[in-house]
Structure formats: C-alpha cells, structure tokens
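Welcome, and please have your viewer ready. We will go from one selection to the next, and at each stop I will tell you what is there.

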Amino acid sequence: MNLAKVLGTVVSTRKEESLRGLKFLLLGQVDTARELTGTTVVAADAVGAGVGEMVLYATGSSARQTKLTDRRPCDAVVMAIVDSWEIGGRELYKKGRDD
Amino acid sequence: MNLAKVLGTVVSTRKEESLRGLKFLLLGQVDTARELTGTTVVAADAVGAGVGEMVLYATGSSARQTKLTDRRPCDAVVMAIVDSWEIGGRELYKKGRDD
Amino acid sequence: MNLAKVLGTVVSTRKEESLRGLKFLLLGQVDTARELTGTTVVAADAVGAGVGEMVLYATGSSARQTKLTDRRPCDAVVMAIVDSWEIGGRELYKKGRDD
Amino acid sequence: MNLAKVLGTVVSTRKEESLRGLKFLLLGQVDTARELTGTTVVAADAVGAGVGEMVLYATGSSARQTKLTDRRPCDAVVMAIVDSWEIGGRELYKKGRDD
Amino acid sequence: MNLAKVLGTVVSTRKEESLRGLKFLLLGQVDTARELTGTTVVAADAVGAGVGEMVLYATGSSARQTKLTDRRPCDAVVMAIVDSWEIGGRELYKKGRDD
C-alpha cells in the first residue's frame, strides 16, 4: 500500500457498466514527511474518504478485494483512512493536528 | 487507474486468436493539469472512446474484468471516458470546454 | 500493452519443466516515434514474431492467457505483431515501409 | 521480493472491514549495502517484525497468500525477517552485528 | 521476464510458514551488454541456479506457477538459467565464455 492525500474527484458518466455507483478519487502520493511526491493515481473509494484526508490505497488485483470493487475493471482502491504514522517513536502525521 | 488522452490507434492483423475484434488505443498519460507526461500505453477499448478524449484506464488483471477482455492476453483497458476532474473545488478539466 | 521491437532471442536449456517449447524473445520498448527507450524485457512468443518486427506485449497474469503460457511461470508475452499505428491521423509506423 | 527496513507503523481505525486486526508497517527499501533507497511502502505484517529489523516483503496478489491477508485488499506483506545476506561470499548484513 | 545475474543469497529463519525450504537468491538485473543496471530483487530459486549465473526471473502471480512457489507469498522466481542471448545475429552472452 502507499500513503496518499485525497486531492479531488474524477467524474465519468460513460463507463464500463459494472462501475456504476463507484466514486473515483484523485490521489496524490505523499512521502513520510507528508509532502506530495508528484505521483497521482485515480482510485475507487471503499471507505468514504473526503478531500484532504490522508489515506492508504492498494493496487492491482488486491484493489478488487472489496464488495464495491469485486470483479470490476478497477486497479486501485482507497481501503483505509489514516489516523497517524510514526517513525522511530516520532509521530510524523496525526489526523486533525497536521491537516 | 490513471488519466490519459487517446492519442491514436494501433492496428494488428496477426495476433493471438482471442484478441480478434478488440480495438487497441494508443494512450498518452496526462497529469492533473492535462499535460502529457511522456508515458504511453496501448489499451483495449471497452467504452467506445474516440481520439482526443480524456479517459481512465486500468491495468493488470483488472484489465480483464470486462466482457471484451475476459480471459484474453490484455493488460490494459479503457474503462471510462472522463467528464471532468477537480482538485480542491477547482475544475481542472471539463469535457467540451478543455478539449 | 506496450509497443516493442524484437531485438533477438534468449536460449535456456535448464528451466522450469513447464516452460519447455516456449521461445523467449528479447524485446526493446519503443516510443511512438519508433525509437528504442532503453527498456528491455524478455517475453514468450505466442504469435511467431521475427527479429526486427514491431510487436505488442502484455505483462503480469495477462501474459498467461494464451494456450502456450497458461499456468506457466511466464510474466510477459508477445500477443500481436503490429501492422501500423497512427496519432492524429498521421501514420507513424507502417510495417514494410518503416522497418 | 525486496529488502527493506521497518521504519515505523501506520494507524487506521476507519478501514475496509476485512482489514481489522492487520498491523501496517512503514517500510523503507534498502540496497544491498543497507542504505535506504528513498522508496517507502506500507505492508501488512505476517511475521511479527519489529521497528529496525531488516525484512523481505512481497507485493501484488502474492501479498494475499497468507492467512492474515487472504482475500483482503492488501497489496504488500512482510513475509520474512532477514538474518543475513551475502554477495560473492561476503556477508553484507548480519542481524545483530549490523543493526 | 528480465535478465539478471545471481549475486548472492538471503537467509531468513523467521518467515511465513509456507516458505520453509525455499531458497532466496539476490539478483542484480543486467542489460543486454551484461552490465548490472543497479536494480536488485530477491527471488525464490526454482531451477538450482548458482552465484554468478545469468538467469531469467518472473514476477507477480506468474512467480507462483511452480511447484515450489504455488500459493506462497512469493512474488519473484528464477525460472530459467540462461545459456546465451543474441541481438541481430550477434551473441552478446554465452555461458562459459562470458562468465
């Protein structure tokens, strides 16, 4: 999985039938210091993440292991909203404090 | 998934039997500002996308989760035509206005 | 999928049992202007491609969706020989003319 | 698989239901000389690895081949704690001596 | 698949139960001129490869298509020892002559 920030959303009406109802989030990968790395990805939302939140996303076939994405042509999913992360006992991100 | 622009098409007559009928699109990845990143990929078309349109494509085994690509040696599929995307409330791409 | 040129072949006699009979091609990725990008990959040949030909190859589990590669430890397959590609109505590669 | 050092942990309470109980580790890839390469990844822990330990992690569908991660939207797993590695008969890392 | 040279081995006693008995090789990717590219990967050995040998390795779910790696959390496998490769009729590597 990778750490990312929810930057925005992508809207599509003409899409593969099985994708109806999925919400597509535009994610910006972040490093451990919370800086955007420049890599972006579009992921389905499985947890109700909002713009500005730090999340974890999974890619590949693992992205289809949720009820929303099962058997759908979807290769990235937001599967967790991040509360915090720490390195060597130091909290580098804490939801609320660092948003 | 990634954002891309349909640049053109690839034609092949000698191909794996199961691929007959698939249309191959030449895609150029774009960043959130709609600029081509230089990365290109060839994807099967599952939604009838046309040259110049902004699309989403999925890769890996997820690219086989459509009727057209099921059980075929195909690792990328265009599964959505993009209407718009926004970051922080600002619409950075809107179909028709920005094509 | 990606566009590539068949550069040569790789020979191996000591290999996983299930790979007997597979031909391994050495591919050089090309950009849309037919220039080698420097990235090379070794792929099984599912279509009888020859050295110098432009091909499409698929990777990952999709590379096992042919009779030759089914259930084999093979992660890349040449699944099409390219006749031509075009961008914006301009034919950038045409087999025979540009080889 | 890749060599990595366990840098820290990631905490998430709002996540896909099936992920309850999984521990997420923040890994920093290392080269053979034990230097961090700058690439980080978040992986589920299948072996009880601790901060500072050198580990191996697997990605993609292979990351779901453990009891903990089976059928879960998880694309990276720590599946081994490394004791040592050597190149050309020279031990470049030995647990205990080089931590 | 990719060409690589077996650089050494990785030892792990605390690992996922299903991995017992697997031998982990430390591989250095090589280009077609036999030069190390700097990319390294750890792969299970399915063919009895020795240090210094040139090999092919497969990644992803394809790495599990051997008896040794089936259903195991292993995402890279050495599935062939290379005898030779050639580009445009010129043999750039021949086992024995170029080791």
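## Stop one: chains A and D

Select chain A together with chain D: their contact takes 28 residues from chain A and 27 residues from chain D, where contact means heavy atoms within 4.5 Å. Before you zoom in, some ground rules: this is a predicted model, in which local features need pLDDT of at least 70 and side-chain atom pairs count only at pLDDT 80 or more, while totals for chains, interfaces and linings use all residues. Residues are numbered from 1 along each chain as its sequence is written, chains are lettered from A and ligands numbered from 1 in the order in which they are written, and side-chain values use heavy atoms, with hydrogens and water left out.

The size of an interface is often given as the accessible area lost when the parts come together. Between chain A and chain D the buried area is about 2000 Å², and carbon and sulfur atoms give 52% of that. Buried area here is the accessible area (1.4 Å probe) that two parts lose on being put together, summed over both.

What is the count of salt bridges between chain A and chain D? It is 0, taking a salt bridge as a side-chain nitrogen of Lys or Arg within 4 Å of a carboxyl oxygen of Asp or Glu. Polar contacts, on the other hand, link 16 residue pairs between chain A and chain D (both residues at pLDDT 80 or more). A polar contact is a pair of N or O atoms within 3.5 Å; within protein, one must be able to donate a hydrogen and the other to accept it, and residues adjacent in sequence count only if both atoms are side-chain atoms.

Colour the strands of chain A next. β1 (2-11), β5 (54-59), β6 (76-81) and β7 (84-87) of chain A each supply at least two residues of the side that touches chain D. Strands (E, at least two residues) and helices (H or I, at least four) are DSSP runs, numbered from the N terminus. By class, this side of chain A has 14 nonpolar, 10 polar and 4 charged residues. The nonpolar class is Ala, Val, Leu, Ile, Met, Phe, Trp, Tyr, Cys and Pro, the charged class is Asp, Glu, Lys and Arg, and the others, Gly among them, count as polar.

Now follow β6(A) across the boundary. It runs antiparallel to strand β2 (residues 14-15) of chain D, and 2 bridges join them; two strands pair if DSSP finds at least two bridges between them. Pick A:Ala80 and you will find its bridge partner, D:Lys15, in β2(D).

The copies use different surfaces, as 4% of the contact residues of chain A recur in chain D.

## Stop two: chains E and C

Switch to chain E and chain C, whose contact takes 28 residues from chain E and 27 residues from chain C. About 2000 Å² is buried between them, with 52% from carbon and sulfur atoms. Look for C:Arg14, which stands opposite E:Ile81 in β6(E). Strand β2 (residues 14-15) of chain C and β6(E) are antiparallel, joined by 2 bridges.

## Stop three: E:Asp98

Stay in chain E and centre on E:Asp98, in the segment after β8 (90-94). Its side chain reaches the backbone nitrogen of E:Lys94 at 2.9 Å, and it also makes a polar contact with the side chain of E:Arg97 (2.8 Å). Not counting residues up to four places away in sequence, E:Asp98 touches E:Arg34, E:Leu92 and E:Tyr93.

## Stop four: inside chain B

Hide the rest and show chain B. Strand β3 (residues 24-30) and strand β4 (residues 36-45) run antiparallel, joined by 6 bridges. They form a hairpin with 5 residues between them, and B:Arg34 in the turn has a positive phi of about 75°.

Finally, select B:Ala44 in β4(B): B:Phe24 stands opposite this residue, and B:Ala44 also stands opposite B:Val77 in β6(B). β4(B) and strand β6 (residues 76-81) of chain B run parallel, with 2 bridges.

Bring back chain C and chain D, which do not touch; their nearest C-alpha atoms are 10 Å apart.
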